[in-house]
Amino acid sequence: MRKTEPSGGTGTGMRRTISSDVLKAATNDEHNLHNRSIIFDITASPKHGKILRIVQENTTEEASSFTQQMINDGEIVYEHTDTEALVWSVQDSFTFSVSSPPAVLEMQVFIIRVSYEISDPSRSTRLIANTGASVVEGGNVKIDKSKLDGSNLLARLPESQRPFYEVWFQVTSLPKHGVIVVGDRNITKEKPNFSQYIISKFGVTYIHNGAESSTDDFTLPPG
């Protein structure tokens, strides 16, 4: 039995399928290729996430073992769950054995890099949160830390330096059908900035102008 060198990557707080491109074992028994299952048994689980099996379209279960066929079918997923720690990048791993009786491969390690820098088509932002919000026509909505949070950017700095810095947002394109209010002032082209501290402590407010529009937005620099 032989295996590929296992490693993979995912964005923080996200899921990533463990495909046969990054984890694959094969048997040399050419006469029984279709009759022999290759089984992966997890002996040490990830510290910053968990291994899941997709059993239905919207249903998963934590997996302590799985087969090569499940990997081939896209059913095995790593989910990053340690989203509270303020770290820009972290390495995770799980240890496993592989068997297709009577052959056994002991103590293999699958390494996973978790980082905000890793682009993911299912995640449009590298911030902790940038979820958007819903508001009734002519109403307003508070944008707080749960909706917009860039505090993870500080994780690029040594921990001892973080208290001396603040994350600032600069609005580069204003909303078309409303205004953003910070305290007692509107965000304008002349004064386009607000800080993560303001969002976390007080929030900022989007006020819709009553126009018949189904969507609105404002633009921040990519991050």
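Trainee: Which residues of β9 point one way, and which the other way?
Mentor: This is a predicted model. In a regular strand, side chains alternate between the two faces of the sheet. In β9, all the residues named here are buried. One way point I76, Y78 and H80; the other way point V77 and E79.

Trainee: How many residues of strand β9 are buried?
Mentor: β9 spans residues 76–80. The strand is mostly covered. The buried count is 5 of its 5 residues.

Trainee: What is the order of strands in the open sheet that holds β9?
Mentor: The sheet has 4 strands, and the pairing is antiparallel. β3 (15–17) and β7 (59–62) stand at the edges, so one side of each is left without a neighbour in the sheet. Neighbouring strands are turned by 35° against each other on average, direction ignored. The order is β3-β9-β6-β7.

Trainee: How many bridges join β6 to β9?
Mentor: The two strands run antiparallel. In β9, H80 is the bridge partner of G49. The number of bridges between β6 and β9 is 5.

Trainee: Which residue of β9 does T17 stand opposite?
Mentor: β3 and β9 run antiparallel, joined by 3 bridges. The residue opposite T17 is V77.

Trainee: Which residue of β19 stands opposite I143?
Mentor: β19 takes in residues 204–208. It runs antiparallel to β13, with 4 bridges between them. The residue opposite I143 is V204.

Trainee: Why does R162 have no salt bridge with E159?
Mentor: R162 is buried, and E159 is the nearest side chain of opposite charge. A salt bridge needs the nitrogen and carboxyl oxygen within 4 Å.

Trainee: Which backbone oxygen does the side chain of R162 reach?
Mentor: R162 is found in the loop between β14 (148–149) and β15 (168–170). Its side chain reaches a backbone oxygen at 3.3 Å. That oxygen belongs to L154.

Trainee: What share of the chain counts as buried?
Mentor: The chain has 2 helices and 19 strands. It runs to 223 residues. The buried share is 36%.

Methods: Residues are numbered from 1 along each chain as its sequence is written. This is a predicted model: local features need pLDDT of at least 70, side-chain atom pairs count only at pLDDT 80 or more; totals for chains, interfaces and linings use all residues. Side-chain values use heavy atoms; hydrogens and water are left out. Buried means under 20% relative accessible area, exposed over 50%, partly exposed in between (1.4 Å probe, protein chains only). Lys and Arg count as positive and Asp and Glu as negative; His and the chain ends are not counted. A polar contact is a pair of N or O atoms within 3.5 Å; within protein, one must be able to donate a hydrogen and the other to accept it, and residues adjacent in sequence count only if both atoms are side-chain atoms. Two strands pair if DSSP finds at least two bridges between them. Axes are lines fitted to C-alpha atoms, for helices over the stretch in contact, and angles run from 0 to 180 degrees between N-to-C directions.
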